[in-house]
Protein chains: 2
Amino acid sequence: KTGFVVAAVSGILMWLLMFVWVFGFTGGVSWGTDSKTEINLHVILMTVFMVYLQGHGAIIFRTLPSRPKIQVKLIHAGFHLSTVIAVSIGLWSAVRAHDMKGQPHFFTLHSWIGIIAIVLFYGQFLAGFFIFLLPYAPMRLRNFALPYHKFMGPLIFLTSCTAAATGMMMKALGALSGGLYEQRTAAGVTINFAALFLLIFCLTVTYLVLE
Amino acid sequence: KTGFVVAAVSGILMWLLMFVWVFGFTGGVSWGTDSKTEINLHVILMTVFMVYLQGHGAIIFRTLPSRPKIQVKLIHAGFHLSTVIAVSIGLWSAVRAHDMKGQPHFFTLHSWIGIIAIVLFYGQFLAGFFIFLLPYAPMRLRNFALPYHKFMGPLIFLTSCTAAATGMMMKALGALSGGLYEQRTAAGVTINFAALFLLIFCLTVTYLVLE
Ligand code: HEM
Ligand code: HEM
Ligand code: HEM
Ligand code: HEM
Ligand SMILES: O=C1O[C@H]([C@@H](O)CO)C(O)=C1O
């Protein structure tokens, strides 16, 4: 299916360009040592896990429809488990970046949308884990919960994508202030294309999940 | 249906808050007289038409399912025609805002996503107008085009919503620079809530159209 190819290609280009942005143009990642680059780990982890891996986890039941259900479930849960871990570190790194600069927390619209996405994601993971993965839940509960899980999935994913888009917008303006963005330098064009591929990836995954 | 109520309420709150933002906190609208407020007309027109009215136009076949088809079609086309006009003025006002400040055009990721949304919107309107509204198109063409029209509709809408979210992010950072955003002033909280209602509106409309 074309959709899977578009999702794979646009998703990889998105995070490749964000790697170029972070390591090529804004000083690389650090952890607790440099207030200027502390946010970069957040940028990488959120792009790769909260968008790319969450998206691929969401469509895995459609990319591998003929595999035994339990295998696909384990991959689905495994993708989302690694995202839970990575996102916790990514959130921590953003909070530290604020602390190191003496800034308060959660004042931007990006951070509001972002924290909503993260809380919903944790909730979806816990509910999915206990209801669909552990063997204890009765069939009735599984049948009852599935439509809610399928309703919340794309909603959480699109909220994550909106967080990423506003994050890229903010980061571009912050890193390219003083007229640099205007001059269409390689850095600015890189993050603009990353945002375009983010958009294509998010739309494609949404269509694949909801169709 | 709950979905229609959520869409109506969140959509109205979104543009109400953007009116408060523009007229209460950032100097109101102007046209060609003040480079600082020139962008505000863009902000208002895009929020009200490219998001709110486009969204309601998209779901009108579901909000009024029992009306004669031709009536609903005329409302759908009428909503989108007024959006075409409003968005042209809104784009013009953004371009003028750049010209008045001596800035180049289309260097931000917001403007890239925005111009893609606008071009696709124009295209969708022209195609819809000639194929579904004028009486000349043969039934075969209508049947052929409808799946593409229904595929492109939500795609254009979500691209518009992403443009609006990144626009709000940029505008908040620009208008509340120098530590004002950090202080969680009424202005910052207003645009953050506008972005939240934008998100709720966009997700609700998307689910209503795709279900
Ligand atoms: C996709 C999922 C993302 C989520 C859930 C998310 C979440 C968050 C949260 C909750 C904060 C607030 C930290 C605090 O207030 O202490 C934050 C901060 C930040 N994020 Fe993200 N983020 C995401 C993606 C991105 C991306 C892709 C970028 C940049 C390319 C980015 C750039 C930033 C920046 C610069 C800050 C610091 C300023 C602020 O508080 O808004 N984020 N993020
Ligand atoms: C935050 C983490 C999670 C997210 C964002 C998420 C998202 C989704 C999405 C979008 C779907 C719809 C897939 C489709 O229709 O093709 C889905 C289905 C499903 N998820 Fe999750 N999920 C999460 C965690 C989990 C966990 C931990 C489990 C436990 C195994 C789980 C089990 C399932 C099952 C059984 C389905 C139904 C598949 C089917 O029969 O079509 N999910 N999930
Ligand atoms: C929803 C649809 C929207 C579309 C399609 C759109 C489109 C555009 C385009 C094409 C430009 C570039 C003009 C130029 O380069 O000369 C632009 C600029 C701008 N827009 Fe929007 N916009 C939208 C919503 C918004 C919103 C809601 C806001 C603010 C709340 C906003 C704030 C701005 C600002 C501050 C600029 C000037 C800086 C720049 O070029 O990025 N826009 N917009
Ligand atoms: C840029 C402008 C337009 C956009 C964004 C747009 C969007 C949409 C969307 C999202 C749908 C799906 C509605 C649903 O499934 O409930 C749709 C359906 C439709 N649109 Fe448009 N449209 C546009 C212009 C037009 C125009 C000008 C016409 C001419 C009358 C038109 C005629 C139709 C028809 C006949 C349907 C099928 C309704 C049905 O039978 O379910 N559209 N459009
Ligand atoms: O554990 C599961 O629950 C759902 C379904 O069986 C409940 O309706 C599903 O697909 C599983 O794999």
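Reader: What lies 2.7 Å from an oxygen atom of ligand 5?
Author: A polar side-chain atom of A:Lys69 does. Keep in mind that this is a predicted model.

Reader: OK. And how far is ligand 5 from the side chain of A:Lys73?
Author: An N or O atom in that side chain sits 2.8 Å from an oxygen atom of ligand 5.

Reader: What about A:Asn143?
Author: Its side chain has an N or O atom 2.3 Å from an oxygen atom of ligand 5.

Reader: How much of ligand 5 does the protein cover?
Author: On its own, ligand 5 has 310 Å² of accessible area. The protein covers 80% of that.

Reader: Which residues are around ligand 5?
Author: A:Lys69, A:Lys73, A:Phe132, A:Met139, A:Arg142, A:Asn143 and A:Leu146.

Reader: How do they split by class?
Author: Three are nonpolar, one is polar and three are charged.

Reader: What space does ligand 5 take?
Author: The second largest pocket.

Reader: Which elements give two or more residues to the shell around ligand 5?
Author: In chain A, α4 (69-100) and α6 (139-175) do. α6(A) gives the most, with four residues.

Reader: How many residues line it, and which lie nearest its centre?
Author: The lining has 49 residues. Nearest the centre are A:His149, A:Lys150, A:Phe151, A:Gly153 and A:Pro154.

Reader: Which one gives the most to the lining?
Author: α6(A), with 14 residues.

Reader: How many of the lining residues are nonpolar, polar and charged?
Author: The second largest pocket is lined by 29 nonpolar, 13 polar and seven charged residues.

Reader: New topic, ligand 1. Which residues are closest?
Author: A:His42, A:His98, A:His105, A:Thr108 and A:His110 are the closest of the 27 residues that surround ligand 1.

Reader: What is the distance from a nitrogen atom of ligand 1 to the side chain of A:His42?
Author: It is 2.8 Å, to an N or O atom of that side chain. A polar side-chain atom of A:His110 also lies 2.8 Å from a nitrogen atom of ligand 1.

Reader: Which residue puts a backbone atom by an oxygen atom of ligand 1?
Author: A:Phe106. Its backbone N or O atom is 2.8 Å away from that oxygen.

Reader: What are the elements and classes in this shell?
Author: In chain A, α2, α4, α5 and α6 each supply at least two residues. The shell around ligand 1 divides into 16 nonpolar, 10 polar and one charged.

Reader: And ligand 3, which residues come nearest there?
Author: Of 27 residues around ligand 3, the nearest are B:His42, B:His98, B:His105, B:Thr108 and B:His110.

Reader: How far are the side chains of B:His105 and B:Thr108 from an oxygen atom of ligand 3?
Author: For B:His105, a polar side-chain atom lies 2.6 Å from an oxygen atom of the ligand. For B:Thr108, an N or O atom in the side chain is 2.5 Å from an oxygen atom of ligand 3.

Reader: And B:His110?
Author: A polar atom of its side chain lies 2.8 Å from a nitrogen atom of ligand 3.

Reader: Which elements give two or more residues to the shell around ligand 3?
Author: α2 (39-58), α4 (69-100), α5 (109-133) and α6 (139-175) of chain B. By class, the shell around ligand 3 has 16 nonpolar, 10 polar and one charged.

Technical notes. Residues are numbered from 1 along each chain as its sequence is written. Chains are lettered from A and ligands numbered from 1 in the order in which they are written. This is a predicted model: local features need pLDDT of at least 70, side-chain atom pairs count only at pLDDT 80 or more; totals for chains, interfaces and linings use all residues. Side-chain values use heavy atoms; hydrogens and water are left out. A residue is near a molecule or strand if one of its heavy atoms lies within 4 Å of it. A polar contact is a pair of N or O atoms within 3.5 Å; within protein, one must be able to donate a hydrogen and the other to accept it, and residues adjacent in sequence count only if both atoms are side-chain atoms. Accessible areas come from the Shrake-Rupley method with a 1.4 Å probe; for residues, only the protein chains shown count as cover. On a 1 Å grid over the protein atoms alone, a cavity is a set of points where a 1.4 Å probe fits but cannot get out, and a pocket is an open set with protein on both sides within 12 Å along at least five of seven lines; lining residues have an atom within 4 Å of a point. A molecule sits in a cavity or pocket if more than half of its atoms lie within 2 Å of its grid points. Ala, Val, Leu, Ile, Met, Phe, Trp, Tyr, Cys and Pro count as nonpolar, Asp, Glu, Lys and Arg as charged, and the others, Gly among them, as polar.
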